Amino acid sequence: MFRAALTFLFSTDRIPDGNVIRMAGTLMSHSAVLAVGLCLIVLTVRYIRLKCRHWSPMAKTAAIASALILMAAGTAFLTGMDYPQGHGQEELSMHRFSQLFVITLAMDLIMYSAVYIIDYALATRAAMYEERSKASQARFQYAKLKQQVNPHFLFNSLNILDCMVQEGQTEQASAFIHKLAGIYRYMLRNDEKTVLLQDEMKFVGMYVDLLKERFSDGFKVITEIPEDIGRQKLVIPCSVQMLIENAIKHNQVGGKEPLVIRITTDGEALTVTNNLRPKLNGSESTKVGLNYLREQYRYLYGKNVETYSDNTQYRVSIPLTENQDVRRVRE
């Protein structure tokens, strides 16, 4: 149809500069008009994709065709009003307008196709990242769920509780039960993506107290977090506890030199550092939990979890954020 239109409009043309190439060049010389047309095409593509996603294919096609025809007609009219002929200006005729309209429509179709392909690629990429983030979040929730029902932690805790009861340490046993209940109550808050840092540290304190009943003086946890930062900043639930658990899992606890875990913050990130005392028969870390944690922080905050290791210490820094930062990244 386009070739037929070109043949019909240009085969009878007797004006020396009225060929397709010359008129296309004239259109290209009107950069301001083309820039406005390109912006309108971008807006049309975005509007159709975001606001008209539930329309039928026929309705979308009609809307796109109407928009392109209107834009081509407007561009052809503006260009035709300034089309040169000889040393003067030629009056815009219907035949001249038809020629300009066909060429403009062809250029608009080319620009629309390019913009559509780019927009489609970007939208597909964003959807892919969104699905990958959802899958990562599901894996993290699964890992957290496994952690909640960790049989080793529960078995060791019940054994310690049994020893306290048998030895008549009723007050210590009661406090131990309350802390154990508080830990599982906090862990079961799966619907919350982020929590206040001070709430996470209260949970970490109860978790550390239970571990000290098992390991006695085998490790120390030193916390240096200002109260104002704890009340303002957010973290992912169980993230700090997971880092402490990893430190105990992959290092010796006990002996002459205790395992020292230090928790500090500069207001922008929270850092968990421990001295290296690797287990002699320990297996190599798969870092599955750390990878899931890293993906969650990238998804929610748009920031990275940083790690550092040398011959003496291992350090993990997780980003801190506030409520508005989380909303902005999700949007």
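Helices and strands here are DSSP runs, numbered from the N terminus.

**Figure 1. Overview of the predicted protein chain.** Twelve helices and nine strands make up the secondary structure of the protein chain. The chain has 331 residues, and 37% of these count as buried. Its accessible surface is about 19,800 Å², with 59% belonging to carbon and sulfur atoms. Of the contacts between residues at least 6 apart in sequence, 73% join residues at least 24 apart.

Figure 2. Cys238 is not a glycine, yet its phi is positive, at about 70°. Its relative accessibility is 1%, so Cys238 counts as buried.

**Figure 3. Close-up of the cluster formed by Tyr112, Tyr116 and Tyr120 through ring pairs.** The whole structure contains three aromatic pairs. In one of them, Tyr112 and Tyr116 have ring centres 6.2 Å apart and planes at 20°, so this pair is stacked. These two residues are four apart in helix 5 (residues 94–148), a separation of about one helical turn. Tyr112 is buried at 12% relative accessibility, whereas Tyr116 is partly exposed at 42%. The rings of Tyr116 and Tyr120 are also stacked, because their centres are 6.2 Å apart and their planes are at 20°. Tyr116 and Tyr120 are likewise four residues apart in helix 5, about one helical turn. Tyr120 is exposed, with a relative accessible area of 51%.

**Figure 4. Close-up of helix 7 (residues 170–187).** Its 18 residues reach 26 Å from the first C-alpha to the last, close to the expected 26 Å. Buried residues of helix 7 include Ala173, Phe176, Leu180 and Tyr184.

Conventions:
Residues are numbered from 1 along each chain as its sequence is written. This is a predicted model: local features need pLDDT of at least 70, side-chain atom pairs count only at pLDDT 80 or more; totals for chains, interfaces and linings use all residues. Side-chain values use heavy atoms; hydrogens and water are left out. Buried means under 20% relative accessible area, exposed over 50%, partly exposed in between (1.4 Å probe, protein chains only). Contact means heavy atoms within 4.5 Å. Accessible areas come from the Shrake-Rupley method with a 1.4 Å probe; for residues, only the protein chains shown count as cover. The expected span of a helix is 1.5 Å times one less than its number of residues. Rings of Phe, Tyr and Trp (its six-membered ring) pair if their centres lie within 6.5 Å; planes under 30 degrees apart count as stacked, over 60 as edge-to-face and the rest as tilted.
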